[in-house]
Every structure is written in C-alpha cells, then in structure tokens.
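Here is a short report on selected residues of one model. Please read it alongside the sequence and the 3D view.

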Amino acid sequence: MSYLFGGIFNLLHLIVGFFMCKNEDVTAIDEILSSSRIQKVNPFSYAIDGVLSEWIQLLLVIERIKADKSTQKTLQKIAGFTKAFLNNDDVDEKTCDSHACSSVSYNPVRPSYDAQRMKKWGYLHYFFVTLDEGMKDRFFLSKVAAQQVKGGEHDSKDLLLDVIPELCDVLSFSWDNLNEIRMNYPHSLILRGVIEGNEILRAIENLIRFDNDEFQSIRYRVVSEFIGDVRRGYTCYPKDIDFNQALKYRQDLVRDINEKLYQASLSETVRLIREINISACLWIDNDGTNLGLNSLLSDGINLKPTDSGVDIYVSNDLLLDTLNMSEQSEFISILMSKLYGYIKDNNRLSDDAKEKINQHQYTEANSNRHLTKKLVAKVNNYNSWIFNQNNYILNKNNDLKISKSVIVRGIKFSIWYDDYLLCNKKNTLNGATEYSVHVDSDASPLTIKQSYEFVKRFSTKILPAFIYEQTKERLYDFYIFDDILLKPLNVNMFYAAKSYVNKLDSLFKCDNDSSDFDSVLTSYKAVKRLLSESDSADFDYVEAYEMILSKKYEVNFGYYDPISSGKINMGTIKRSKFESLLKFNLDVF
C-alpha cells in the first residue's frame with residue numbers, strides 16, 4: 001500500500017512540477033515580451049506599407065480607366081480577349097503536363113503557385129507588348145515569329161501563331177489600347193489587376209492582417225520556442241536562467257531574441273509580399289534574391305567516402321555562382337554539415353568538439369538559410385527607401401491620410417459591382433445592400449457605398465496629380481531600383497523618361513537633366529505643340545531647339561548665313577525624328 005501511495009505521490013509531484021514549469025515559462029514569456037529591450041513592432045512596417053501602396057495604386061489606376069466610358073469599353077474588350085485565351089482548350093492542353101500544372105514550394109519565403117496559370121499569362125507577353133507599343137497584329141506576329149525558341153518551346157510559338165489570330169477573328173478584336181490613360185503601367189499588369197483582382201485583394205488583406213495583428217502572434221511563438229530551446233539545453237544559456245534578471249544585464253540574450261524576432265518577421269513579411277506577386281501570376285524567381293541558393297548548394301555539393309577519407313565533388317559553375325552571389329559562408333556551412341555525416345570514429349572526438357557539432361546541427365535545423373544576403377539587403381533597402389519617401393498611398397505622414405480598410409473595401413465592391421451590373425439595373429445602394437448581405441456582412445450598405453464613392457473620387461480627381469508628384473520624387477532615386485525588393489509597378493515611366501531625355505540629347509547634341517521631371521515633361525509637351533502647329537516635313541534646328549528646350553541656342557558649330565541676315569543656320573531635323581519622341585507617352589497626367 002505504501003508503495004502504491006508513494007507512486008501516486010511521485011506522479012502528482014511530476015504533474016505539479018510540469019504545470020509549475022509551464023507557469024514559469026508563461027511568466028518568462030510575458031516578461032520577455034513586455035521588456036522595453038525586445039522588439040515590439042514589425043521592423044518591416046514601412047516595407048509592408050510600400051508594397052501595399054504599389055498594388056493599391058495599380059488597382060486605383062484601373063478604377064480610373066473604368067470611370068471613363070470610352071476607355072472602359074476598350075478595357076472590357078482587352079479583358080474579354082485575355083480571358084478567352086486563358087480559357088482556350090488548346091492553350092489549356094499545351095500548358096499542362098505532369099510537371100507543370102502546379103509548383104509546391106517548401107521554401108518559407110517562396111509561396112506555392114499554379115504553374116499552368118503562370119505559363120498561360122507568360123504566353124501573352126508579346127500580345128501585351130504589342131498593345132504597349134500601340135501596334136497591331138502584324139507587329140505581334142512578327143515578334144512571335146522572330147523569337148528564339150528552345151527545343152521544347154516550339155509548341156508555344158505555333159500555339160500563339162494559331163490561337164491569337166483565330167481569337168482576333170472570332171472576337172473581332174481590333175488591337176485598341178489604353179496608352180493614353182494607363183500612366184505607363186504595362187497592359188500586362190493592368191489586365192492582371194482586372195482578371196486576378198480578387199486574388200490580389202485577398203493577398204493584400206493577408207499582408208494587412210499580418211502587419212496589424214499577426215505580428216504579435218509571431219512574437220509569442222518565437223519567444224516561446226526560444227525559451228523551450230533554453231530549457232532543453234540547446235543554447236549557450238543556463239537551463240534555469242532567470243529571464244527577468246538576465247534581460248537587465250545580458251546584452252547577448254537581448255540580441256539573440258531580437259535576432260530571432262527579426263528573422264521570423266522578415267520571413268513572414270517576404271512570404272506575404274511574394275504571395276501578392278503570385279496572386280497576380282507574376283514570376284518571383286528572377287528578382288535577384290538568390291532564393292534557389294539553398295537547393296542549389298545542397299544538390300551541387302557531393303561527397304564520396306574513400307578508404308582514406310572523403311572526396312568532395314563540386315562543379316566549376318557552382319563555385320562561380322557562389323562567388324557571384326557572395327555566399328561563400330553559406331557554401332562552407334552546407335559543406336561542413338555534409339562532412340559531419342562522414343566522421344567514422346566519434347569516440348576520438350573531444351567532448352568540446354561533440355558539443356560544437358551538436359550546436360552546429362541544432363543551428364542548421366533552426367537556420368533561416370532561405371534568408372540569403374541578397375534578399376535581406378533588398379528588404380532592408382526597400383524598408384529604408386519607403387521610410388524616406390513622401391509620395392506613397394499609405395504614407396501616414398502625408399496629406400492623404402487614407403484608411404486601408406476603406407480603400408480595400410471600395411475596390412473589392414467595385415470589382416463585384418462590375419459583375420452585378422451585367423444582370424441588374426444601375427443602383428449603387430441596391431448593389432451595396434446585396435453585397436452587404438452576401439459578401440461583407442461586417443459593413444453596412446451605406447459604409448460600402450461611401451467606400452466605393454471614395455475610391456471613384458480618389459482615382460479620378462486625386463490620383464493623376466499624386467502619381468505626377470510621385471514620379472518627380474522617384475526619378476531622383478532611379479539608380480536604386482535594382483537594389484530594392486519591389487520596383488515601382490509603373491517603373492516603365494522612369495525608363496521612358498530616361499530614354500526620352502537620352503534621345504533628345506542625341507538629337508540636339510546637348511546634355512539635359514533626366515532627373516528633373518518638370519523640365520522633362522515641359523520639353524515633351526513642347527514637342528507635341530511643335531508637331532501640332534505645323535505639318536512641315538522638316539523643322540529648323542535652332543527654332544526647334546529653342547522651343548523645346550526653352551532656352552537660347554548658343555553658337556558652337558553653326559555659321560552665320562549672310563542671306564538670312566546673320567541668322568544661325570544649323571540645318572533642319574526631319575519630322576519623323578520628333579514624332580519618335582512621342583512614343584514614350586509621358587504626357588499622361
């Protein structure tokens with residue numbers, strides 16, 4: 001009997017000890033999370049607001065297009081054509097095989113995606129380029145016919161040459177474009193925003209939710225896991241450390257916790273940002289962040305045991321990739337992890353060496369290898385860049401003061417309302433009432449209607465001037481675009497401005513400031529005025545120079561023509577030269 005009671009007593013002691021330990025850990029979690037030295041807000045909030053602003057701005061540009069009856073019809077025609085291609089049986093058959101219908105990812109910052117859908121959108125590349133260039137079917141067919149294809153890609157070329165002309169005939173598609181109103185957003189993005197709009201908004205809401213609420217859940221999880229590792233002896237800290245006291249004087253403890261919070265928040269931020277790209281059917285593997293590095297090294301470093309040791313096989317290409325990516329430390333880390341598995345006589349290892357190996361293996365198991373140096377640099381650069389920007393939609397410090405919930409609600413209803421109008425008479429409040437019942441029960445019909453009207457008003461009255469000011473600001477930062485996580489979605493505007501100035505400089509043999517968007521646009525409008533005021537096939541060089549560049553021509557290589565009473569004669573410039581400057585489509589505000 002005493003044995004039985006003793007066993008029960010020991011069991012109760014263990015249970016009480018277990019819960020006391022749990023209670024102590026809960027207390028420790030609370031102490032750590034409440035410490036002023038531990039990160040309390042998402043360190044990448046500016047990057048998140050920047051990304052949200054980019055995608056919301058694209059959707060607002062679409063709302064602006066829809067607000068004009070003429071451009072709305074053009075948009076509907078292009079969208080109808082695009083949907084017909086995406087749903088075409090031949091396209092479906094050619095783009096789906098056992099390896100390409102889906103792509104599941106195990107990389108924490110690389111979301112899974114529908115590879116077939118991606119491929120279909122990719123096939124439309126030259127279709128959208130043709131619209132961007134303001135060209136028609138002949139241009140498209142010549143582009144497709146001239147493209148260099150690899151062995152297995154001939155099917156795609158033949159598919160485009162067959163399906164696109166057939167759809168043009170069936171749908172009476174006339175290749176009308178949106179170049180006058182799209183504000184240098186490419187047609188490919190505009191149509192993705194239209195057709196994949198609901199998916200894009202769902203991903204946007206996930207990112208908003210993370211920034212508002214879920215970051216605190218990540219803090220709790222990270223700290224809880226860290227305490228568990230300490231208690232199990234997986235770290236360099238004593239198992240029974242008093243966190244409340246240690247936080248006051250152990251800088252290394254504070255640094256390690258904050259680093260884990262940093263890595264966890266960075267991983268989740270990047271994953272959710274990439275989910276927006278994926279939702280828009282945009283590839284994410286060519287952004288220069290070396291996301292494939294882990295698998296590249298793991299698969300490329302091969303070991304073979306021999307009687308005397310281990311032979312290491314590494315290709316020259318892999319070494320070049322490692323050096324070009326500046327990831328030598330990652331290479332060594334993976335190599336050492338593989339070598340540990342080939343140690344034959346563990347008994348000859350010192351206790352210190354065994355401890356280091358155990359620590360290394362624990363670190364490897366909990367590593368954030370997906371956070372490559374390039375990725376971390378791009379995120380930090382983007383976070384810093386947005387912090388210093390003034391003109392982005394969700395900037396809390398500018399005059400706009402836009403509510404995320406209001407603008408997202410308004411855009412979501414607008415997309416739904418477009419379909420609603422196909423079967424119902426136009427009445428915004430009736431539509432908002434039905435939407436409130438079937439889609440968004442958290443908002444009243446009046447709130448939905450007001451959000452929708454705000455989106456319409458902002459996209460038509462405020463957006464053009466806002467994007468103009470944004471372009472002025474960002475043109476000075478053009479050089480940094482390759483070093484940030486997300487280039488402006490209307491990056492073509494900046495390429496166009498730079499290319500226009502280069503061509504103007506070449507025409508007049510001068511050097512203009514391509515960063516001053518006011519002067520760039522002034523000269524562009526002057527070119528349009530020059531062409532509209534005269535049907536001449538040729539223009540006097542000096543007169544055109546002074547009108548377009550708004551300054552007196554200074555004699556360099558010209559000469560005085562006695563017949564023209566001392567007028568500087570630099571010859572003429574053909575009309576076609578000036579007409580070619582207008583292809584950059586800068587006057588869109």
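## Cysteines

How many disulfides does the count come to? The count is 0 disulfides, where a disulfide is a pair of cysteine sulfur atoms within 2.5 Å.

Cys236 is exposed, at 60% relative accessible area. Cys423 is also exposed, with a value of 68%. Exposed means over 50% relative accessible area, buried under 20%, and partly exposed in between (1.4 Å probe, protein chains only).

## Basis of the model

This is a predicted model: local features need pLDDT of at least 70, side-chain atom pairs count only at pLDDT 80 or more, and totals for chains, interfaces and linings use all residues. Residues are numbered from 1 along each chain as its sequence is written, and side-chain values use heavy atoms, with hydrogens and water left out.

## Asp25

Asp25 sits in helix H1, which covers residues 2-34. Helices are DSSP runs (H or I, at least four residues), numbered from the N terminus. Is Asp25 buried or exposed? Asp25 counts as buried because its relative accessibility is 14%.

Setting aside residues up to four places away in sequence, Asp25 touches Ile227 and Arg231. Contact here means heavy atoms within 4.5 Å.

## Leu171

Leu171 belongs to helix H8, residues 154-171. Its relative accessible area is 40%, so Leu171 is partly exposed.

Which residues does Leu171 contact, leaving aside neighbours within four places in sequence? They are Gly80, Phe81 and Ala84. Lys77 is 94 residues from Leu171 in sequence. In space, the C-alpha atoms of Leu171 and Lys77 are 8.7 Å apart.

Technical notes: Helix = DSSP H or I, 4+ residues; strand = E, 2+ residues; numbered from the N terminus.
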